Amino acid sequence: MPTTSSTTPTAPTTQAPQTALPTQPDIVARLLAGDRRALARMVTLIENGAPDVRRMLAQLHTHGGRAHIVGFTGSPGAGKSTLVMQLARELRRREQRIAIIAVDPSSPFTGGAILGDRIRMQELAGDPNVFIRSMASRGSLGGLAVATRDAVRALDAAGFDTVIIETVGAGQAEVEIVRAAQTVVVVTVPGMGDDIQAIKAGILEIADIFVVNKADRPGADQTAAELRMLLSLDEHRQERAWRTPILKTNATKGEGVAALADQLAAHLAALRESGQLASRSGRQAQSEMLALLHQALMERIAATIAPAEWDRLVADIVERRADPYSVADALTRRLGLAPASPD
Amino acid sequence: MTNTPDITEQTAGAASLADQRRIRVLVAKPGLDGHDRGAKVIARALRDAGMEVIYTGIRQTPQMIVEAAIQEDVDAILMSILSGAHMAIFPKVMELLRANGVDDILVVAGGILPDEDIPAIEAMGVKGNFGPGTSLSTIISFVRANVRSERLSHELPPLTSADAPLAAEAASASAGDAGNAGR
């Protein structure tokens, strides 16, 4: 793990110049030693599904577990990027090293994207203890969730104290993306009364901290009150030890950001004390394993059964010459899996 | 074959992020240019051509440009400059890239670039050098044709060595002349 000796931006982690041309396997070693080109390259390999990436991720996984993973979500225009930037500055004052993944949607028509979150993060430029990476959805929100989770794995292994995932929107897709987080922050702004409803139930369920940003605007107290009311309706939340805070911030002025940093630390501590950190990690590990097994199964099916045969089997079922149970039984036998026991 | 998409969808779903290898371009406005309408037009055109564009706003220092290019692992940097500071800025950008062992990024420039300076700029390794009025399709084709082909493979070229970490350079630059803190 790299030593985190810097307290000011003028003392970066130094490394002796490499003399030999490294090949791809060196990327993990260099990443762990603090080489940020290797880290950036690792994220690219993850995004592009390079053939060797699983082996590398396996190594990275064993080096992780130290970072606090925080998800930021909320409606567009809520000021998330500015808030994340201010939070990063505050955490730097607390001598943390911070990584930020900024997620933006790709155009469904062209597949391209403009990744503009870095514009809001100018004040972090030049700080070797901040790493910012923009990721586009590339038309596959499921794939993005996987890539984000794996990128977090790389950043965790690289030794950052806090890894922030910042998304756009507050819908089901965002729920998938911030599943990789230990603490989820939902950001709203006053005067978006209808948009409280637009914060889908899925996001509300997983939120650990609420922020009403641009709190200098009229209606901030009312928005906070509405949120409190919504939260009070959630019985599960009432049973938990963690009291979900509703914070007010003015990100452009940096107001309320220290309190947000305090609550992040408090939530992490609460998760640890209650044992929930371990159980959440356990659930994430399980869902990740199941997804990987599912993918492996799908690949085996595609490799075993030609499309023409698949179509024939489907037609047989539709025309009642066969039934789905018998067909599935026969296929599982062919795949070498135990068949379902007959009724 | 109407049902074939179902199974290939299932199997392809998990891998579809990887299937969408995109050219990543950093559109940078170095120096003291006050407006960026042209850069934004290019950024949108590149997006419409299916590329991922990282746009960092105006008043970028060479350190900020190279830092962003490294963190975002871009395939190309497109510098848009109107102010005439290119002979001061471009060498610094190329030097920082070299110092960090970055030799596989296509560096392209556009804007107000006097003809008499272009040979020197090209000698630095900055390509394209598109003047005002260059068609967007010309720029897009140029990027596509000149991005290092190994970058577009899944493997990517191996990282080369760095003489000095970027952080030392960036840290000594004044963070105060970093530009746009927001819109």
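Visitor: In which order do the strands of the six-stranded open sheet stand?

Guide: In this predicted model, the sheet is open, has six strands and is paired in the parallel sense. Its strands come from chain A and chain B, in the order S3(A)-S2(B)-S1(B)-S3(B)-S4(B)-S5(B).

Visitor: Which strands of this sheet have one side left without a neighbour, and why?

Guide: A strand at the edge has a single partner strand, so one of its sides is left without a neighbour in the sheet. That is the position of S3 (113-115) of chain A and S5 (127-130) of chain B.

Visitor: What is the bridge partner of B:Val108 in S5(B)?

Guide: Strand S4 of chain B, residues 106-111, runs parallel to S5(B) and is joined to it by two bridges. Within S5(B), the residue bridged to B:Val108 is B:Lys127.

Visitor: Which strands stand at the edges of the seven-stranded sheet of chain A?

Guide: This open sheet, with parallel pairing, has the order S4-S2-S5-S1-S6-S7-S8. The strands at its edges, each with a single partner strand, are S4 (130-136) and S8 (246-248).

Visitor: How many bridges pair S1 with S5 in chain A?

Guide: One of the bridges links A:His68 to A:Thr162 in S5(A). Strand S1, residues 68-74, and strand S5, residues 162-166, pair in the parallel sense, and the number of bridges is five.

Visitor: Where in chain A does pLDDT stay under 50?

Guide: Chain A averages a pLDDT of 85, with 88% of the residues scoring at least 70. Where pLDDT is low, the predicted coordinates should not be read in detail. In chain A, pLDDT stays under 50 over residues 1-23.

Note on methods
Residues are numbered from 1 along each chain as its sequence is written. Chains are lettered from A and ligands numbered from 1 in the order in which they are written. This is a predicted model: local features need pLDDT of at least 70, side-chain atom pairs count only at pLDDT 80 or more; totals for chains, interfaces and linings use all residues. pLDDT is the predictor's confidence in each residue, from 0 to 100. Two residues are in contact if their C-beta atoms, placed from the backbone, lie within 7 Å. Two strands pair if DSSP finds at least two bridges between them. Helices (H or I, at least four residues) and strands (E, at least two) are DSSP runs, numbered from the N terminus.
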